[in-house]
Amino acid sequence: MNKVETSFLHKNQFGDDFLWGVSTAAFQIEGAHDTDGKGRSIWDVFTSQKGKIKNGHHASIACDFYNSYQNDIDLIRELNIPNFRFSISWPRIMPTGVPPINQAGIAYYNKIIDALLSAGIEPWITLYHWDLPHDLELKGGWTNRESVNWFSAYVEICVQSFGDRVKNWMVINEPSVFTGAGYFLGIHAPGKKGITNYLKAMHHVTLATAAGAKIIRNRIPDAHIGTTFSCTHIEPATQSSKDIEAAKRVDTLLNRTFIEPILGMGYPQGDLPVLKKLNAYIIEDDLNNLSFDFDFIGLQCYTREVVKSSLLIPYIGAELISAEKRNVISTDMGWEVYPPALYEVLKKFNAYNGIKKIIITENGAAFPDTLKNGKVYDIKRTHYIQDHLEQILKAKKEGLNVDGYFVWTLTDNFEWAEGYNARFGLIHVDFDTQQRTIKHSGLWFKDFLS
Ligand code: NOJ
């Protein structure tokens, strides 16, 4: 075997049952934005608006996964990756968000699932990775309480259509990010702003998470059901009580707000008073309907944040000090490279009662890769992954619960508001030709998994 990198890591150290995979999302890779009856999503609309995405990029073609899926699945197999996480595009299945169903959309995902299974790769479905049907947004999107019913009907169709072959399901991806960026800050689709939109979306998304999970449990008794959260290790800038309190509020917002109601603990209103405004939208036995006993929780961790108190920032009274200002090594996203963050979040989430299993469902890095003589020597990404795996090993040695690691992501793809400027792939994509080149990090991962 031609070793591509010397590292002391060995797959066996993680145990035979440890799950290895790679994660993707429909809107970021598929393209084919209006093919075979697909409806428009909020991201199709958002990317068509001026000034929303860096360099005016859009995802009409993206990685053309819709057409080149077989080639990419062959690449997953070539990299020895046994698990593939992908998402279903709701408007491909239901163009207006509600029935009728677009049979061509169902047929497309059936082809993906069958191709994965015949390649010996286990499919992992995310039901919602941010591409809400635009027609539903016209009715208020996630700010409309009806969204829980719309989502439930969509989940029914997915489990009926794919549940015979797919056992691993994730309900919602990173609710704090798409509600925060999309309904509070307006920097992601649908571009809404304000605390009212944000809190309504938060509550409805959490209700939808539990409702969706229950449908999967009822329809597929042996399903392995999870949902994924973005999480970040938070540290105060100084040991002053003001900064410590500010860090606690940011931690509550970014790490606790979505998981705690799911675990039956309710919203953490005591540590973030603005969440008390949620009470205006909580009705009847909502609090009971927020929780679900998930088989696993997916954690997605990329960095840490350093926080200082700031009276200028409404609701939270805190400010993040950027990696640039702190003069620390960072990725193309401006996120500090800080592998111990992964260990810290594992420790934090292990402290909750009621989490049965933790899988790292995303971790990875964007760096400016260059293709030279048919090769991409992305040593920074390779080290980023290795260093994060070391942190998982450290956690495992201490007896912490962590059962899998999925790299973000397979190929360079459409990175939301960053467009194609942030490359996260194990595989390089030339977006003019759709040519794929396995990067050094991909070769290292392949070797590691062999
Ligand atoms: C989180 C999201 O789930 C994914 O869509 C995104 O591309 C990565 N993190 C990197 O930002």
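Predicted model: local features only at pLDDT ≥ 70, side-chain atom pairs only at ≥ 80, totals over all residues.
Reader: Why are H5 and H7 called oblique to each other?
Author: The axes of H5 (residues 103–118) and H7 (residues 147–162) cross at roughly 45°. Angles under 35 degrees count as roughly parallel and 65 to 115 as roughly perpendicular, so H5 and H7 are oblique. H5 passes H7 in a right-handed crossing.

Reader: Which residues meet where H5 contacts H7?
Author: From H5 come Ile106, Tyr109, Asn110 and Ile113, and from H7 come Ile157, Ser161 and Phe162. Five of these residues are nonpolar, two are polar and none is charged.

Reader: What makes lysine 167 and aspartate 222 a salt bridge?
Author: Their side chains meet at 3.6 Å, N to O, and the limit is within 4 Å, so the pair qualifies. Lysine 167 is in the loop between H7 and strand S4, and aspartate 222 is in the loop between helix H9 and strand S5, so the pair ties together parts 55 residues apart in sequence.

Reader: Why is aspartate 222 called exposed?
Author: Its relative accessibility is 52%, and exposed means over 50%, so the label applies. Lysine 167, at 24%, counts as partly exposed.

Reader: How do you know whether arginine 423 and aspartate 412 are buried or exposed?
Author: Arginine 423 has a relative accessible area of 18% and aspartate 412 has 0%. Buried means under 20%, so both labels read buried. The two side chains form a salt bridge at 2.6 Å, N to O. Arginine 423 and aspartate 412 also belong to a network of salt bridges that includes Asp369, Asp378, Arg381 and Lys439.

How values were computed. Residues numbered from 1 in each chain as written. Heavy atoms only, no water. Axes fitted to C-alpha atoms, helices over the stretch in contact; angles between N-to-C directions. Helix = DSSP H or I, 4+ residues; strand = E, 2+ residues; numbered from the N terminus. Parallel < 35°, antiparallel > 145°, perpendicular 65-115°, else oblique. Left-handed = near helix turned anticlockwise from the far one by under 90°. Contact = heavy atoms within 4.5 Å. Nonpolar A, V, L, I, M, F, W, Y, C, P; charged D, E, K, R; others polar. Buried < 20%, exposed > 50% of the residue type's maximum accessible area, 1.4 Å probe, protein only.
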